[in-house]
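Student: I've got a model open on my screen and I'd like to talk it through. Can we go question by question?

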Amino acid sequence: MDIQTLRDRHPDHWMRATAIRALTLDAVAAANSGHSGMPMGMADVATVLFANHLKFDASAPRWPDRDRFILSAGHGSMLLYSLMYLTGYPDMTLDQVKNFRQWGAITAGHPEYGHVQGVETTTGPLGQGISNAVGFAMAEESLRARWGAKVQDHYTYVIAGDGCLMEGVSQEAIGLAGRLQLSRLIVLWDDNGITIDGKVSLSDVTDQKARFAASGWDVFACDGHDPEDIDRAIAAAKASPRPAMIACKTHIAIGHAAQDTSKGHGALTDKAQMQAAKDGYGWTSAAFEVPSDVKSWWEEVGAKGTSARTDWEARMSALSPAKQAEFTRIFAGDAPNKLSSTIRAVKKQAVEDLPKLATRAASEKVLAAVNPVMTETIGGSADLTGSNNTKTADMGVFTPEDRKGRYVYYGIREHGMAAAMNGLALHGGVRAYGGTFMCFTDYARPSMRLSALMGVPVVYVMTHDSIGLGEDGPTHQSVEHAASLRLIPNLDVWRPADTAETAVAWAVALENASRPTALLLSRQNLPYAPKSDLGDISKGAYVLAEPSEVGLKKKAQAVIIATGSEVQLALKAQELLAKEHKIAVRVVSMPSTTTFDRQSAAFKASVLPAGVPRVAVEMGSTDGWWKYGVAAVVGLDTYGESAPAPVLFEHFGFTPANVADTVRAVLAK
């Protein structure tokens, strides 16, 4: 690569882009870890994008109508941190850059949402950023249709590498984006031909440009080190009526001894090689120093969006106070005031009707009441709409022809759906939920984990939650899934027993803005469990039935803890034990172990009194129940079978008689 020619052709641009390269080399060397090559290779593309196209104001990182920039190749985080420091983001100081990857610094090894203003999403797991970006672009289209271009009118730009495009989720994402014709989505592919193991050709022969074109995208190409060619390609992509991919031909670790090699992907810390690269660049400044003229130019880039932001603020102030308040509410993630009364009405109706419903159908009833009130919801399903019960009559379908529609047909793309929902939530202004079968959380889990890591309030509607789905058999019957989901930190998991508990679960999910929720819902119909008090459901567990409710006027000798469809078994076992053995049992419904675990010790003791033997009942893995001090678990630690549900319940011991016998055996000890 003739570095001198690049310097001579565009000397000003070269020094501005080289500021990114030099800061990257310095920060990675100081940390003695990181990824140098990608920021060095994509510095020219990023410089042109930020200077000529990206609408942003460094002094207002959360401005709602900014363009979104997503670094899907998150290992190259110093590209983003360098840009933020150079353009003047308030929290990205030089000290933060110097402390790259160190304890207490906001400059984490991979960009983390919430740590830094300007990081739109947590990336690092490859393929997630480009897939999140589809959700960002969907949110922009939806909000522009509903609020008008004067309020929402921006692009989503993504830098993605070969690793992002190899991950399977990327195909789910680009296929969805192509179908939806998301014209404000532009992917800049870092086409450097290198992965950690060596050349891309070691493991892949995909024609990426043909792949994107076949998926409904417009495809462009440029020399990733020629600022004029980069500018031309971005301008053409912005004019495209479809999502656009720009193949940016680059050299990883350009100008370094490791250029165009797999070594260039990682940490380039050799002092002599670093100095040789800087000498070739014409960079004479000391470590972490940027010439004042270069830094001033970058700061002007960071401020150029100020006028656009203030113009936007003027347009917002011209809206009615009610519209301004509504816009502020939806971007804050606050639930509407009417949500509480809406949920109360659903619970009241359930108490009056005592419906026998599958909790997936109960969820649909809740959504039918909530969606007209909470009009920022965008729902969907991974090709299981009729089974997940996620579509309500008022929503309309989100299509290229109707951007006001609020229901998304994601197709058989569980992972892509989950990643897009993260993007929808992160964009702001919308609340995303989507459904699939509970066993297929295995396909969605990487994005579900990132929902929890970022603390974004996505709702996962997971139906067909146990062997109760019957004949579809063990491939579709969840056994370990509830337990494994409960292990994910900051993920709320709810497995409601009836309509009232389902309504409360939805209310809790929609009223919080700092964690995702998984709703585990039944296929089979479940009877309504009469309750004297609906108040404590939101705490995750509550006393559903005391011994007095089955005619025994004495203290409980045992406690049965149950979730979801097994609550009915617990109630029948309580009745059986009272009638035939005069054994007094308290029944505790625990729809959300994760929520109950956050309650005070006093509340926990009021539900699960000390010294009273406990038995847990759930059609799934038993491992998670022992922490509640249970003496036995009626559970399932093997796979299910293909048969009608009643046959399976009998075979695996999910009967009132077996639950009662288990309690008696515990008491006998």
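Student: Among contacts between residues at least 6 apart in sequence, what percentage join residues at least 24 apart?
Tutor: A quick word first: this is a predicted model, where local features need pLDDT of at least 70, side-chain atom pairs count only at pLDDT 80 or more, and totals for chains, interfaces and linings use all residues. Residues are numbered from 1 along each chain as its sequence is written, and side-chain values use heavy atoms, with hydrogens and water left out. A contact means heavy atoms within 4.5 Å. Among the contacts between residues at least 6 apart in sequence, the share joining residues at least 24 apart is 78%.

Student: What radius of gyration does the protein have, and why does that agree with a compact globule?
Tutor: The radius is taken over C-alpha atoms, and the globule rule is 2.2 Å times the number of residues to the power 0.38. With 669 residues, that rule puts a compact globule near 26 Å, so the protein's value agrees. The C-alpha trace spans about 95 × 55 × 45 Å along its principal axes. The radius of gyration asked for is 28 Å.

Student: How many helices and strands are there?
Tutor: Both kinds are DSSP runs numbered from the N terminus: helices are H or I with at least four residues, strands are E with at least two. On that basis the protein has 26 helices and 18 strands.

Student: What share of the residues is buried?
Tutor: Buried means under 20% relative accessible area, exposed means over 50%, and partly exposed is in between (1.4 Å probe, protein chains only). Of the 669 residues in the protein, the buried share is 61%.

Student: How many disulfides does the structure hold?
Tutor: A disulfide is a covalent bond between the sulfur atoms of two cysteines. Here one is called when a pair of cysteine sulfur atoms lies within 2.5 Å. The count for this structure is 0.

Student: Which cysteine has the sulfur nearest to that of C248?
Tutor: C248 is in no disulfide. C248 has 0% relative accessibility, so it counts as buried. The nearest cysteine sulfur is 3.8 Å away and belongs to C222.

Student: Which helix holds M421, and is M421 buried or exposed?
Tutor: M421 touches Y410, A432, Y433, G434, V458, V459 and Y460, leaving out residues up to four places away in sequence. Its C-alpha is 8.6 Å from that of R431, 10 residues apart along the chain. The place of M421 is in helix 18 (residues 414-427). With a relative accessible area of 0%, M421 is buried.

Student: How far apart in space are I343 and V370, C-alpha to C-alpha?
Tutor: I343 sits in helix 15 (residues 338-353). I343 touches V366, V370, A503 and A507, not counting residues up to four places away in sequence. In sequence, I343 and V370 are 27 residues apart, while C-alpha to C-alpha they are separated by 7.6 Å.

Student: Where is L49, and how far is its C-alpha from that of I561?
Tutor: L49 is in helix 3 (residues 37-52). At 0% relative accessibility, L49 counts as buried, and beyond its neighbours within four places in sequence L49 is in contact with L54, F69, Y157, L188 and I234. I561 is 512 residues apart from L49 along the chain, and their C-alpha atoms are separated by 57 Å.

Student: What is the phi of F288?
Tutor: Most residues other than glycine have a negative phi. F288 lies in the loop between helix 11 (271-281) and helix 12 (292-303), and with a relative accessible area of 11% it is buried. Although F288 is not a glycine, its phi is positive, about 65°.

Student: Where is K582 found?
Tutor: K582 is not a glycine, yet it has a positive phi of about 55°. K582 is found in the loop between helix 22 and strand 16 (585-589).
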